[in-house]
Amino acid sequence: MNRFYVMLGVLTLALGAMLVYLLQTNPSAPRAATEAPATVVDDGFRGYTIGRDSAPVEVVEYVDFECPVCASFAVVQLPTIKEQLIATGRVKWRYRDFPLNIHKYSFFAAHAAQCAGEQGKFPEMHDQLFGNHRWAQTGQNPTGLFREFAKTAGVDVARYDACMKSGRFAARIEFSRQEGLQRNVNGTPTFFVNGTEVRSSRLPTSDDFKKLVDAIPVRRK
Amino acid sequence: MRHRQSIAILALVGWFVALYLGLHALGIGGELKCGTGGCETVQTSRWAVLFGVPVAFYGVVGYTAILAVTLVGLQPAWLARRGPSLLVAALATGGVLFSAWLTYLELFVIDAICRWCVTSAVIMTAIWLVSLHALRTPATRTDP
C-alpha cells in the first residue's frame with residue numbers, strides 16, 4: 001500500500017513538472033497595440049460595416065481574428081452571404097471585435113484591421129487576415145506578416161505603421177469586447193440578427209442566414 | 001484494491017490534462033501545445049464554454065471527485081465496502097457520456113480534433129471500464 005502512495009506522489013510531481021513545461025509561454029508579443037488599455041473610452045465607433053445602410057436587416061458579428069472557426073466562417077460561408085444577402089441590399093453586416101484572451105495575437109490582429117479600416121480598407125484587411133489564417137497556427141510574431149497583408153490590402157504602409165505603433169485603437173477594441181460581454185457573448189463567432197442572438201447547436205451556414213432573413217417581414221414605407 | 005489504485009492513477013493523469021486545458025482557457029500559458037491547429041479550433045469554439053464556465057473545468061471537478069472517492073475507498077476501513085466503487089462507477093458513467101458528447105461535437109460539428117480532449121476522453125473511458133470491472137469483482141480485504 002505504501003509503495004502505491006509513493007508512486008502516486010512521484011507521478012504527481014512528474015505531471016506537475018510537465019504541466020509547468022507546457023505552460024511556458026512563447027516569447028513576448030509586440031507591445032504596441034497588443035493589450036487593452038487601463039481606461040476604456042467610448043469613441044462612438046460601432047464597428048465597420050459592409051452592405052447598404054438601407055438594408056432592412058442588420059447582422060452583427062462578434063469576431064476574433066485568431067479564431068479558426070471565425071476564419072472558416074469568413075472563408076466558406078461569408079462569400080455566399082455577400083452574394084445572396086449583402087450585395088442584394090437585404091443585409092448590412094457589422095463587425096464588432098471580441099478578441100479572446102486565450103489568443104496571443106487576436107487583439108493585435110484586431111488592431112491591424114482597425115488601422116486598415118481607418119484608411120477605408122477594413123474589408124480587404126479582414127479578407128487578408130482570415131484568408132491567410134496559417135499565421136494563427138504558427139504562434140510566431142505576425143508583425144511583419146500583417147504589414148504584408150496591409151500592403152496587399154492596399155493600405156498606406158507608413159500610416160499603418162504609425163497607427164500600429166501608437167496603438168490608438170486599443171481602447172476602441174476593448175470597448176467592443178466589453179460590449180460583447182454585456183451582451184453575454186462568450187465565444188466567437190457570435191451573431192445577432194436585428195438585435196437577437198442567433199442560437200444554434202452548430203456554426204450557422206449561409207443557408208441558415210438566408211432562412212433567418214427570409215423570415216423577417218419586409219417593412220413597406 | 002488494484003481496481004481502485006488503477007482508477008486513482010488514471011484520475012490523477014486526467015486531472016492534469018483537464019487542468020492544462022482549463023488554465024489555457026483562462027489565458028495562462030499561451031497557445032496549446034497541440035501539434036495541429038485542432039486544439040485551438042476546439043478551444044475557441046462556442047462549445048468550449050458551458051453555462052459560462054470553460055468545459056475543461058467540468059473535467060477538473062469530475063476527476064477531482066473520482067480521485068477523492070477512490071482515495072477514500074483505498075483506506076482500510078473502506079476497502080471491503082462497495083459504496084466507493086458504486087459512486088466511482090456512477091461518476092465515470094457521467095464522465096463518459098459527457099466525453100462522448102464532446103467528441104461528437106469535435107467530429108461532426110466543429111470538424112476538428114483536440115488531442116488533449118481525446119486524451120481525456122480515453123482516460124475517462126478507461127476509468128469507466130475499470131470501475132465496471134470492479135463492480136463485477138467481489139470485494140476482498142487486502143491489508144497493507
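Tutor: Two strands count as paired if DSSP finds at least two bridges between them, where strands (E, at least two residues) and helices (H or I, at least four residues) are DSSP runs numbered from the N terminus. The structure above is a predicted model, in which local features need pLDDT of at least 70 and side-chain atom pairs count only at pLDDT 80 or more, while totals for chains, interfaces and linings use all residues. Residues are numbered from 1 along each chain as its sequence is written, and chains are lettered from A and ligands numbered from 1 in the order in which they are written.

Student: Which residue in S3(A) stands opposite A:Tyr62?

Tutor: The two strands concerned, S2(A) and S3(A), pair in the parallel sense over seven bridges. Within S3(A), the residue that stands opposite A:Tyr62 is A:Arg96.

Student: Which strands of chain A stand at the edges of the sheet?

Tutor: The sheet is open, has mixed pairing, and arranges its five strands in the order S1-S3-S2-S4-S5 (chain A). An edge strand here has a single partner, so one side of it is left without a neighbour in the sheet, and this applies to strand S1 (49–50) and strand S5 (196–197) of chain A.

Student: How many of the seven residues of S2(A) are buried?

Tutor: A residue is buried if 20 or more other C-beta atoms, placed from the backbone, lie within 10 Å of its own, exposed if 12 or fewer do, and partly exposed in between. Helix H8 (residues 170–182) of chain A lies across strand S2 (57–63) and strand S3 (91–97) of chain A. S2(A) is mostly covered, and the number of its residues that are buried is five.

Student: Is A:Leu85 buried or exposed?

Tutor: A:Leu85 has its place in helix H2 (residues 68–86) of chain A. Leaving aside neighbours within four places in sequence, A:Leu85 is in contact (C-beta atoms within 7 Å) with A:Arg90, A:Val91, A:Phe209, A:Lys210 and A:Val213. Because A:Leu85 has 23 C-beta neighbours inside 10 Å, it counts as buried.

Student: How are H3(A) and H7(A) oriented to each other?

Tutor: Axes are lines fitted to C-alpha atoms, for helices over the stretch in contact, and angles run from 0 to 180 degrees between N-to-C directions. Helix H3 (residues 106–118) and helix H7 (residues 157–166) of chain A pack at an angle of about 135°, with their axes 9 Å apart. Angles under 35 degrees count as roughly parallel, over 145 as roughly antiparallel, 65 to 115 as roughly perpendicular and the rest as oblique. H3(A) and H7(A) are therefore oblique.

Student: How is H4(B) oriented to H5(B)?

Tutor: The axes of helix H4 (residues 83–110) and helix H5 (residues 115–136) of chain B come within 8 Å and cross at roughly 150°. That makes the two helices roughly antiparallel.

Conventions
Contact = placed C-beta atoms within 7 Å.
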